[in-house]
Amino acid sequence: MANDRRREPSLIDALIPMATLVVLIGGALALFGLDALNGPIQVALVLCALVAALVVLKNGHPWEDVQASGQRALSSITSAMFILLAVGALIGVWNMSGTIPTLVYYGIQVLSPGWYYAASALICGLIAMSIGSSWTTAGTIGVGLVGIAIMLGVSPAITAGAVISGAYLGDKLSPLSETTVLTAQLVKVDLYQHIKRQAWTSVPAFVLGFVLFLLLGLGRGPSPAQEGETAVDLKALGDIFWITPLNLLPLLLVVLSIRKTPATLALVASTLFAGLLGPFTQPAVVAEFAGQGGVLGGVKAVWQAMATGFDKNTGIADVDALLSRGGMESMLTTLWLIIGAVTFGTVLEEFGLINRLIAPMVRSARGTGRLFLTVFASAFGLNVIAGDQYIALVLPARVYRAEFARRGLAPANLSRLTADSGTVTSPLVPWNSCGAFMSAVLGVSTLAYLPFCFFNIFSPLLSVLYGFTGFRIERVAASEVTHEQHH
């Protein structure tokens, strides 16, 4: 009998949660500015989820169904939650054991302000391509690069944009990336064919971004005052820590182990290895942080750094900002944000509210260019509404696959477009799981780095442009279209 009372959502039903989201998020930003991400936006997302739940109840679904949907939402982000906690622990222990200070110390002497942004993008691109993870790249190398930027006197926001640009280029073009593999599987395209097709938008987008990063750094050089500050910072790091290449061994462990080990395990292994190394390479730092020396002091220090991060008061602002970070505790506000966003998005998806908005868009998309623009709008909109890149990937791939086949467009077009529109734009939304992660680990707000994520902006724009111009758009024969529609 309960099934008989269930109704399909109307357009008004679908619009009510969207309007609530716009009003509450806009109100939070208007009242609190960037501080809205420290709690007010989280509250807004929880309230949006409750409004969506009320619409679902109004349509005849029992509360048990809403609860089950919330449980599935939490289940879907289990991996992301553990990666986030592992990165928090890693930052705290890497700071205490000298890994991040050493990375910064050497990096300052090697990297010039004039080409720093471009170099950051390139370094992160190469590392992400080799390990297949944008999150791991940003949470390790990216943290160090932003730390170097602060001490070099260059913009942390532009550096964060360069880190994210490189990290997502590598993630998209790596056969080890789970989002790349998922996209190919969803659209039923061979993985390496999918990567080759992606290169047609990814490589030009990165080259454009690389040129802009070079231009932003053009003529930049440290002023005498900045050189003096950098020298003071370097001396402080050298006085506090024993700077040695041995401190970089935990970083090497992440890069080598990630190929065969899940990201969380690799990050925790690197954290514990750094914790074992720290008492030998930085005994004074560890003993001071723990309040006691010896084996017990080492265990206490590592445990505390993993829990609440490392803390150091040197009296030098840049050094204190670099060192006093990390810990699982520092990620709890971000986890709260992700839980609220993904729960809201899952309720919208599972009860047909998102599909009710997308269906009219599919019908009105006449012409290949309009269709491509509609897919982009759907994927980016889902990153905003649902707060999760996986929903932004999976739903458009499912919804538009038959339409692409009906129009004789090869599946590879859709796999490239959904990756460009769903994966790449996810870190541009503050409450999206990717945007929240990048902001938390890099220490730069999403809205501050957003204008400088050139790759993440150009990649989807090029994809849509190709749809309007017909460039690199592949078509299939009518028989293949028929076959695609029946499968």
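Residues are numbered from 1 along each chain as its sequence is written, and side-chain values use heavy atoms, with hydrogens and water left out. Because the model is predicted, local features need pLDDT of at least 70 and side-chain atom pairs count only at pLDDT 80 or more, while totals for chains, interfaces and linings use all residues.

**Exercise 1. Salt bridges**

Solution. 

Step 1. A salt bridge is a side-chain nitrogen of Lys or Arg within 4 Å of a carboxyl oxygen of Asp or Glu.

Step 2. Helices here are DSSP runs (H or I, at least four residues), numbered from the N terminus.

Step 3. For burial, the classes are buried (under 20% relative accessible area), exposed (over 50%) and partly exposed (in between), with a 1.4 Å probe and protein chains only. Asp65 is partly exposed at 23%, and Arg6 is partly exposed at 31%.

**Exercise 2. Asp13 and its partners**

Task: Determine which side chains meet that of Asp13, and whether Asp13 is buried or exposed.

Solution. 

Step 1. The side chain of Asp13 forms a salt bridge with that of Lys58, at 2.7 Å from N to O. This pair links distant parts of the chain, Asp13 in helix H2 and Lys58 in helix H3, 45 residues apart.

Step 2. Asp13 is buried, with a relative accessible area of 5%, whereas Lys58 is partly exposed at 44%.

Step 3. A polar contact of 3.3 Å joins the side chains of Asp13 and Asn59. The term denotes a pair of N or O atoms within 3.5 Å; within protein, one must be able to donate a hydrogen and the other to accept it, and residues adjacent in sequence count only if both atoms are side-chain atoms.

Step 4. Asn59 sits in the loop between H3 and H4 and is buried at 3% relative accessibility. Not counting residues up to four places away in sequence, Asn59 touches Arg5, Arg6, Arg7, Pro9 and Asp13, where contact means heavy atoms within 4.5 Å.

**Exercise 3. Helix H9 and Asn456**

Task: Compare the span of helix H9 with its expected value, and identify the residues that Asn456 contacts.

Solution. 

Step 1. The expected span is 1.5 Å times one less than the number of residues. Helix H9 (residues 156-173) has 18 residues and reaches 26 Å from its first C-alpha to its last, close to the expected 26 Å.

Step 2. Of the 18 residues of H9, 17 are buried, so the helix is largely enclosed by the rest of the structure.

Step 3. Asn456 belongs to helix H25 (residues 454-469) and is buried, at 0% relative accessible area. Leaving aside neighbours within four places in sequence, its contacts are Ile164, Ser165, Tyr168, Val424, Thr425, Pro427 and Leu428. A polar atom of the Asn456 side chain lies 2.8 Å from the backbone oxygen of Val424.

**Exercise 4. A nonpolar surface patch**

Task: Name the members of the nonpolar patch and the helix that gives the most to it.

Solution. 

Step 1. Patch residues have over 30% relative accessible area and no salt bridge; like charges are joined within 9 Å, and nonpolar side chains (Val, Leu, Ile, Met, Phe, Trp, Tyr) within 5 Å. Accessible areas come from the Shrake-Rupley method with a 1.4 Å probe, and for residues only the protein chains shown count as cover.

Step 2. The members are Val43, Val46, Leu47, Leu50, Leu54, Leu57, Trp63 and Trp336, with about 700 Å² of accessible area together.

Step 3. Helix H3 (residues 40-58) gives the most, with six residues.

Step 4. Trp63 is found in helix H4 (residues 63-76) and counts as partly exposed, at 41% relative accessibility.

Technical notes:
Helix = DSSP H or I, 4+ residues; strand = E, 2+ residues; numbered from the N terminus.
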